[in-house]
Amino acid sequence: MKKLLHVGCGPKRVANTVRAFNDGTWEEIRLDIDAAVRPDILGSMTDMSLIDDLAVDAIFSSHNIEHLYPHEVPIALSEVIRVLKGDGFCVITCPDLKSVSKLVLQDQLLEPAYISRAGPISPLDILYGHGASISGGNYFMSHRCGFTEKTLRQTLISSGFSSVATSCRPGSFDLWAIGCKGPRTESELRTLAQEYFFE
């Protein structure tokens with residue numbers, strides 16, 4: 001079995017990631033900073049010291065990187081690279097500040113941008129974290145940084161990923177990225193993106 005590290009899993013499991021991680025060939029290891037979600041490993045993206053070097057084949061991190069302070073992002077990505085095997089890759093999703101900013105410019109800061117399972121999500125929620133969760137005491141949900149497609153790509157490259165593919169979904173206000181530890185051809189990156197982008 002290939003090993004998948006599900007970083008910042010929250011209450012979710014592998015079935016809530018992407019279809020390609022649900023083909024029966026992946027063993028999921030759940031890591032989260034919040035003990036209440038009962039992860040396999042209690043820890044932060046910035047300190048995954050309980051995981052050995054070169055231990056996992058892939059990492060899935062959905063809407064976690066924006067919870068870090070900007071200076072913590074390179075630390076977290078260096079941890080990602082450390083625990084990935086030589087041919088490993090990570091899939092990262094996060095809010096797209098460029099698309100949500102268009103709603104802010106239209107003075108729709110508090111209007112629903114879309115409806116989620118948690119209820120209406122406003123541009124303010126996308127920018128700063130889900131307000132209802134934060135007001136309920138879950139301060140882990142606060143956002144401390146953000147990205148556009150260009151800056152997310154640049155951040156992954158500058159952090160040491162050999163090959164990077166990104167995608168922006170303006171209608172969903174999110175970004176998707178694949179960072180490969182080792183070099184990949186354009187064709188290989190395109191195939192990975194087709195398999196592992198989008199839930």
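Asp57 is buried, with a relative accessible area of 14%. Here, buried means under 20% relative accessible area, exposed means over 50%, and partly exposed lies in between, with a 1.4 Å probe and protein chains only. The side chain of Asp57 meets that of Lys85 in a salt bridge of 3.4 Å, N to O. The pair links distant parts of the chain, since Asp57 belongs to strand E4 and Lys85 to strand E5, 28 residues apart. Lys85, for its part, is partly exposed, with a relative accessible area of 30%.

Before I continue, a word on the source. This is a predicted model, in which local features need pLDDT of at least 70, side-chain atom pairs count only at pLDDT 80 or more, and totals for chains, interfaces and linings use all residues. Residues are numbered from 1 along each chain as its sequence is written, and side-chain values use heavy atoms, with hydrogens and water left out.

Let me stay with the charged pairs. Side chains of opposite charge can pair when their charged atoms come close. The term salt bridge is used for a side-chain nitrogen of Lys or Arg within 4 Å of a carboxyl oxygen of Asp or Glu. How many salt bridges does the structure hold? It holds four. In one of them, the side chains of Arg82 and Asp53 meet at 2.7 Å, N to O. Arg82 lies in helix H1 and Asp53 in the loop between E3 and E4, so this pair ties together parts that are 29 residues apart in sequence. Arg82 also meets Glu79 in a salt bridge, at 2.7 Å, N to O. Glu79 and Arg82 both lie in helix H1, three residues apart, which is about one turn of the helix.

I turn to helix H1 itself. Helices (H or I, at least four residues) and strands (E, at least two) are DSSP runs, numbered from the N terminus. Helix H1 covers residues 73-83, and its buried residues are Val73, Ala76, Leu77, Glu79, Val80, Ile81 and Val83. Against what do the buried residues of H1 pack? They pack against strand E1 (2-7), strand E4 (56-62), E5 and helix H5 (149-158). Contact means heavy atoms within 4.5 Å.

The next topic is the sheet. Seven strands form an open sheet with mixed pairing, in the order E3-E2-E1-E4-E5-E9-E8. Strand E3 (41-42) and strand E8 (163-169) stand at the edges, each with a single partner strand, so one side of each is left without a neighbour in the sheet. Two strands pair if DSSP finds at least two bridges between them.

At the E3 end, E2 and E3 pair in the parallel sense over two bridges, and Leu31 stands opposite Ile41 in E3. E1 and E2 also pair in the parallel sense, over six bridges, with His6 opposite Arg30 in E2. Six of the seven residues of E2 are buried, so this strand is largely enclosed by the rest of the structure.

At the E8 end, seven bridges join E8 to strand E9 (residues 174-180), and the two run antiparallel. Among the facing residues, Ser163 stands opposite Cys180 in E9, and Ser167 stands opposite Trp176 in E9. The hairpin of E8 and E9 has four residues between the strands, and in it Phe173 takes a positive phi near 60°. E5 is likewise joined to E9 by seven bridges, and these strands run antiparallel; here Cys94 stands opposite Leu175 in E9.

Are the residues of E9 buried or exposed? Strand E9 is mostly covered, with seven of its seven residues buried. Asp174, Trp176, Ile178 and Cys180 point one way from E9, while Leu175, Ala177 and Gly179 point the other way.

Finally, I come to the surface. A nonpolar patch there is formed by Val104, Leu109, Leu110, Leu124 and Tyr128, with about 460 Å² of accessible area together. Patches are made of residues with over 30% relative accessible area and no salt bridge, where like charges are joined within 9 Å and nonpolar side chains (Val, Leu, Ile, Met, Phe, Trp, Tyr) within 5 Å. Accessible areas come from the Shrake-Rupley method with a 1.4 Å probe, and for residues only the protein chains shown count as cover. Leu124 lies in helix H3 (residues 123-128), and at 33% relative accessibility Leu124 counts as partly exposed.
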